[in-house]
Amino acid sequence: MAAPTTALPASGSGFSHLLAVEDSFPLDASLPLQRSLDYCAELEAGHIIFLPSSPDLISQEDRDLLLGRRQSSSAIHKNIAYRPAEDRITGLDASEARETDELRRIMRGFSQHSAEFLSRFLIPYAGKWKLDYASYRPIEEKGRSARVHARNDLLHFDSFPTRPTNGARILRFFVNINPTESRIWLTSQTFEAFGPRFALAGNLLASVGGNSVTRGLRQAARTLKLPFGRRPLYDEFMHRCHNAMKEDAAFQDQAPKSRWEFPPNSAWMVFTDCVSHAVLSGQYALEQTFMIPQSALVKREKSPLRILQKIAGYPLTL
Ligand SMILES: O=C(O)CCC(=O)C(=O)O
Ligand SMILES: [Fe+2]
């Protein structure tokens, strides 16, 4: 059972909490619709849904294969990504090429089973999402070195520089396949509580949005269905917010935090674009990302896009 130990008090509204779901889940059974709707609403509001016992998404044999891999020294700093649309693995170096087929088979299976499971667990999203990358995370997170913007031990909301979502939401599903060690996260304020303050304080939204002339041009380009040649304002803002949070040492130090432990064989799902999160330690996790379009959300007003557009007063998507 995940024990929310509080590093600094981060309870009450405006902070992420954890909802433990103790049932065991066969892959082929759906949740009752109302319960599924309730879970979607919790997730969209910035809470974590935690399954103490993961459904069977990967065989013991394949877990052992993943855990037993020797990573070559040049690849030691990388996670391994699986791109479902192309059925392709990235993140291996040349000396590991002979492992590609086996890893692709394992990751394809994990990706498919995760999607099957979530389509029965989060029914309103089923068939509406874009299946993004899956990842295998074999590196110990404690003490892992990275550029400041790539550090995942600093609180942040996710934003992918190479994959703008144009307002769709980032849902991530994790499984801790470490046989003995928990994965440890910190969380702080939700985007609903933090984002508006941040947008207004730094005048960031205004600087991202440009002046009324550039906004007019964007609007005209949208009407004429012309590519405007830049990423959507929404993604521009989310990316700047991601970077600014990681750069802000005082914020990282002083923000009230909750600490969560995800034990071996547990699973959790979370909208990482509205749950500020940091991973402190843990090794060997599997993860699948889903892009959930605005049209599938059950509480659209809680989405970072809606929150930001309300402040900006103009559309932030293309
Ligand atoms: O690996 C994890 O537990 C989370 C890391 C993270 O924040 C991310 O991949 O965006
Ligand atoms: Fe993240």
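Biologist: Which residues of α4 are buried?

Modeller: In this predicted model, helix α4 spans residues 191–201 and lies across β7 and β10, running at about 55° to β7. A residue counts as buried if 20 or more other C-beta atoms lie within 10 Å of its own, and in α4 the residues that are buried are Phe191, Phe194, Gly195, Phe198 and Ala199.

Biologist: What arc around the axis of α4 do these buried residues cover?

Modeller: The residues in question are Phe191, Phe194, Gly195, Phe198 and Ala199, which are buried in α4. They are placed on the same side of α4 because the arc they cover around the axis is only 120°.

Biologist: In what order do the three strands of the open sheet stand?

Modeller: Strand β7, residues 183–190, is joined to β10 by five bridges, and the two run antiparallel. β7 also pairs with β8 in the antiparallel sense, again over five bridges. The three strands therefore form an open sheet with antiparallel pairing, in the order β8-β7-β10.

Biologist: Which are the edge strands of this sheet?

Modeller: The order of the open sheet is β8-β7-β10. An edge strand here pairs on one side only, and this holds for β8 (258–262) and β10 (275–281).

Biologist: By what angle are neighbouring strands of the β8-β7-β10 sheet turned against each other on average?

Modeller: The three strands of this open sheet are paired in the antiparallel sense.

Biologist: Which residues stand opposite Leu186 in β8 and in β10?

Modeller: β7 covers residues 183–190, and seven of its eight residues are buried, so that the strand is described as mostly covered. In β8, the residue opposite Leu186 is Arg259, and in β10 the residue opposite Leu186 is Ala278.

Biologist: What is the bridge partner of Ile184 in β10?

Modeller: The pairing of β7 with β10 is antiparallel and rests on five bridges. In β10, Ile184 has as its bridge partner Ser281.

Biologist: Which residue of β11 is the bridge partner of Arg137?

Modeller: β5 takes part in an antiparallel pairing with β3 over three bridges, where Ile80 has Tyr136 of β5 as its bridge partner. β5 also pairs in the antiparallel sense with strand β11, residues 285–292, over six bridges. In β11, the bridge partner of Arg137 is Ala285.

Biologist: How many nonpolar, polar and charged residues does the shell around ligand 1 have?

Modeller: Arg137 and Ala285 are among the residues that surround ligand 1, together with Asn152, Asp158, Arg183, Thr272, His277 and Val279. By class, this shell divides into two nonpolar, three polar and three charged residues.

Biologist: Is Asp87, which has a positive phi, buried or exposed?

Modeller: Most residues other than glycine have a negative phi. Asp87 is not a glycine, yet its phi is near 50°, and its place is in the loop between β3 (80–83) and β4 (88–90). Because Asp87 has 11 C-beta neighbours inside 10 Å, it counts as exposed.

Biologist: How many C-beta neighbours inside 10 Å does Asn166 have?

Modeller: Asn166 is likewise a residue other than glycine with a positive phi, of about 55°. Asn166 is found in the loop between β5 (130–137) and β6 (169–176). Asn166 counts as partly exposed because its number of C-beta neighbours inside 10 Å is 16.

Biologist: How far apart in space are Ser119 and Leu31, C-alpha to C-alpha?

Modeller: Ser119 lies in helix α3, residues 100–121, and, leaving aside its neighbours within four places in sequence, Ser119 is in contact with Ala126 and Gly127. Ser119 and Leu31 are 88 residues apart in sequence, while in space their C-alpha to C-alpha distance is 9.8 Å.

Notes: Residues are numbered from 1 along each chain as its sequence is written. Chains are lettered from A and ligands numbered from 1 in the order in which they are written. This is a predicted model: local features need pLDDT of at least 70, side-chain atom pairs count only at pLDDT 80 or more; totals for chains, interfaces and linings use all residues. A residue is near a molecule or strand if its C-beta atom, placed from the backbone, lies within 6 Å of it. Ala, Val, Leu, Ile, Met, Phe, Trp, Tyr, Cys and Pro count as nonpolar, Asp, Glu, Lys and Arg as charged, and the others, Gly among them, as polar. Helices (H or I, at least four residues) and strands (E, at least two) are DSSP runs, numbered from the N terminus. Two residues are in contact if their C-beta atoms, placed from the backbone, lie within 7 Å. Axes are lines fitted to C-alpha atoms, for helices over the stretch in contact, and angles run from 0 to 180 degrees between N-to-C directions. A residue is buried if 20 or more other C-beta atoms lie within 10 Å of its own, exposed if 12 or fewer, and partly exposed in between; C-beta atoms are placed from the backbone. The arc is that of the directions from the helix axis to the C-beta atoms.
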